[in-house]
Amino acid sequence: MNYAHPSFYMIIQFPGKKQSFSILQREVDVKQPDPTSAALVSIHGGHSGEFCCHASDSLEEIVRAYIRKGFEWVGITEHIPPVSAAFLYPDEIEGGYTPESMLARFAEYISVASKLQNRYRDAIRVLVGFETECCTGYEAHVEGLRSRFQPDYIVGSVHHVRDIPIDGSPALYARAVEEVGGIDALFCEYFDQQYALLEVLQPEVVGHFDLIRMHDQDYHGRLERPEVKGRIRRNLERIKELGSILDFNLRAFEKGGSEPYVSGSILEMAFELGIPCVPGDDSHGVAGVGLHVRKGIDILEQHGFSTAWPIPGVTRDGN
Ligand SMILES: [Zn+2]
Ligand SMILES: [Zn+2]
């Protein structure tokens, strides 16, 4: 495909409620943006069935869905390949993957995402990033991926405590609780690991900051305990110093939560500290594109956050 060929470029037809873009000879109906409302964006999304075993659809289908829904920009932030075979997830083992083949697939992801960034540049701003892990050996692994692939930004996420997944099944969560010696201790250790990640990686975006509450019914009270709250404040203060952005992660609604990550009390603290918070749909397929983003924007507006969204890796501390 010759992208320099004139037929590649979009044809925009006016007037009408919808613009009709002809991209690569195919039609994409694009919602006309409403200039009075905040721009639709996702700072964390675009996991695809092409490059992730627990997602669906091709990355191009997902990017086209963002265009159709009128998004101004989207950060595509696929999961990193595992540090070692010990961290392959069951679906990856079933799929016959090894750390080596996962790394090759990740390289292909960066290549395809970069092509899509260029192909659709006149319709949407696509940023190409990735989402980290925080398990034994992650530090050198992530830095290696960063220097090899030069992403636009990274999302610093913690999905393990003591190398046990905390966002998988309730049984795995219970195992982590047992290993650490109680739920309060699990929260403390999660936030300590997150602090270490902030120190080492200085990520431009912090993913689903309070994911540790996923399987805890009593999390509202737990987030108020002095030993937990103190750690949350410490981490937020570090995020502020780093000029990083919080992913206001709306996939929580899809996972049975009644509010996004971060929870209301943490959102208030972030606002006081002047930390920017930007919607992330954490999409894992076309069906998840833009899901709950309007609701997320409403919540952020109600809390007084600016909707002049900073762009990670481009606008530093732009709130
Ligand atoms: Zn995922
Ligand atoms: Zn995640």
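## First stop: Gly296

Select Gly296 to begin: 24 other C-beta atoms lie within 10 Å of its own, so Gly296 counts as buried. This glycine is found in helix α10, residues 293–302. Now show what surrounds it. Setting aside neighbours within four places in sequence, Gly296 is in contact with Phe248, Leu250, Pro260 and Pro279.

## Zoom out

Keep in mind that this is a predicted model. Then select residues 1–26, where pLDDT stays under 50. The model has 31 contacts beyond four places in sequence for that stretch. Where pLDDT is low, though, the predicted coordinates should not be read in detail.

Switch to a cartoon view and you have 10 helices and 12 strands to explore. Of the 319 residues in the protein, 44% are buried. Among contacts with a separation of 6 or more, 74% are between residues 24 or more positions apart.

Start with α5 (residues 170–180) and α6 (residues 183–201). Their axes are 8 Å apart and they pack at an angle of about 90°, which means α5 is roughly perpendicular to α6. To see the contact, show Ala176, Val177 and Val180 of α5 together with Ile183, Ala185, Leu186 and Glu189 of α6. That set has 6 nonpolar residues, no polar ones and 1 charged.

Next, pick α8 (residues 226–242) and α9 (residues 264–273). How do these two axes cross? They come within 10 Å and cross at roughly 40°, so α8 is oblique to α9. The crossing is right-handed. On the α8 side, show Ile232, Arg233, Leu236, Glu237 and Lys240; they meet Ile266, Met269, Ala270 and Leu273 in α9. By class, the contact of α8 with α9 has 6 nonpolar, no polar and 3 charged residues.

## Backbone details in the loops

Now hide the helices and check some loops. Select Tyr261 and Val262: the peptide bond from Tyr261 to Val262 is cis, with omega near 15°. Val262 has its place in the loop between β11 (245–249) and α9.

Which value of phi does Asp163 have? It is positive, about 70°, although Asp163 is not a glycine. You'll find Asp163 in the loop between β8 (160–161) and β9 (164–165).

Move on to Asp282, in the loop between β12 (277–280) and α10. Its phi is near 50°, again a positive value in a residue other than glycine.

Asp282 has 29 other C-beta atoms within 10 Å, so it is buried.

Conventions
Residues numbered from 1 in each chain as written. Chains lettered and ligands numbered in written order. Predicted model: local features only at pLDDT ≥ 70, side-chain atom pairs only at ≥ 80, totals over all residues. Helix = DSSP H or I, 4+ residues; strand = E, 2+ residues; numbered from the N terminus. Buried ≥ 20, exposed ≤ 12 C-beta atoms within 10 Å, placed from the backbone. Contact = placed C-beta atoms within 7 Å. Axes fitted to C-alpha atoms, helices over the stretch in contact; angles between N-to-C directions. Parallel < 35°, antiparallel > 145°, perpendicular 65-115°, else oblique. Left-handed = near helix turned anticlockwise from the far one by under 90°. Nonpolar A, V, L, I, M, F, W, Y, C, P; charged D, E, K, R; others polar. pLDDT = per-residue confidence, 0-100.
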